[in-house]
Amino acid sequence: MAWNYDEKDIEKETVGGSYLTKSGCYEAKILELEHKKTTNGYGQIVIKLEVEGKETTIYHTYEGKDGVIEFKTRVLNHLLYLNKLKNSADIEKCIGKTIGVMLKGKLSQDKKYINFDLEGVYHIPTKRTATELKENKDAKVVDAKIKQYEAEEPLIKEPGKKEEHKEEASAIDDDFPFA
């Protein structure tokens with residue numbers, strides 16, 4: 001794995017596939033976490049969440065062609081911190097935990113899918129981020145993100161093409177009054 005826990009990330013905020021249609025701050029249960037490589041060989045964690053009673057998957061790529069993506073690993077470090085973990089190898093211990101997530105939606109290039117980026121995580125009861133908790137600050141980031149997300153319009157996917165089926169009449173159908 002190409003990322004290590006860095007406590008300095010807790011001092012910096014993280015914020016600057018799916019049935020969901022809108023960016024938002026959601027309560028989410030972590031169902032699965034899996035380390036994978038993208039088709040380009042970059043480090044990625046696939047996070048399956050239960051949000052509003054339904055499953056959604058987040059593809060959180062934390063490593064790019066130039067190495068580790070600091071913002072993306074910062075989010076992972078915040079996730080570890082909120083779960084009282086300090087080793088990136090322990091991230092699977094977050095499975096089964098419920099956490100606040102800040103998800104930013106965007107349409108795929110073909111406008112057929114809505115992809116969500118994990119912009120940040122937070123402590124649900126206090127609505128405070130890891131930084132706010134560590135520095136004993138008031139909860140401000142989540143409220144600001146809620147206002148930002150509420151101002152956005154829901155994303156609308158283009159409907160997939162439906163196959164056209166032509167029914168050919170048969171001799172049996174001709175005798176049927178309700179064909």
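Lysine 36 stands opposite glutamine 44 in strand S2, strands being DSSP runs of E with at least two residues and helices runs of H or I with at least four, both numbered from the N terminus. The model is predicted, so that local features need pLDDT of at least 70 and side-chain atom pairs count only at pLDDT 80 or more, whereas totals for chains, interfaces and linings use all residues. Residues are numbered from 1 along each chain as its sequence is written, and side-chain values use heavy atoms, with hydrogens and water left out.

Strand S1 (residues 24-37) and strand S2 (residues 43-51) run antiparallel and are joined by nine bridges, where pairing requires that DSSP find at least two bridges between two strands. Five strands form an open, antiparallel sheet in the order S3-S2-S1-S6-S7. Because strand S3 (54-61) and strand S7 (114-122) each have a single partner strand, they stand at the edges, with one side of each left without a neighbour in the sheet.

Helix H1 (residues 70-82) packs on the sheet and touches S1, S2, S3, strand S6 (98-107) and S7, contact meaning heavy atoms within 4.5 Å. Helix H3 (residues 141-151) also packs on the sheet, touching S1, S6 and S7.

Glutamate 63, which lies in strand S4 (residues 63-64), is buried, with a relative accessible area of 14% (buried means under 20%, exposed over 50%, and partly exposed in between, with a 1.4 Å probe and protein chains only). A polar atom of the glutamate 63 side chain lies 2.8 Å from the backbone nitrogen of glycine 43.

Key:
Axes are lines fitted to C-alpha atoms, for helices over the stretch in contact, and angles run from 0 to 180 degrees between N-to-C directions. A polar contact is a pair of N or O atoms within 3.5 Å; within protein, one must be able to donate a hydrogen and the other to accept it, and residues adjacent in sequence count only if both atoms are side-chain atoms.
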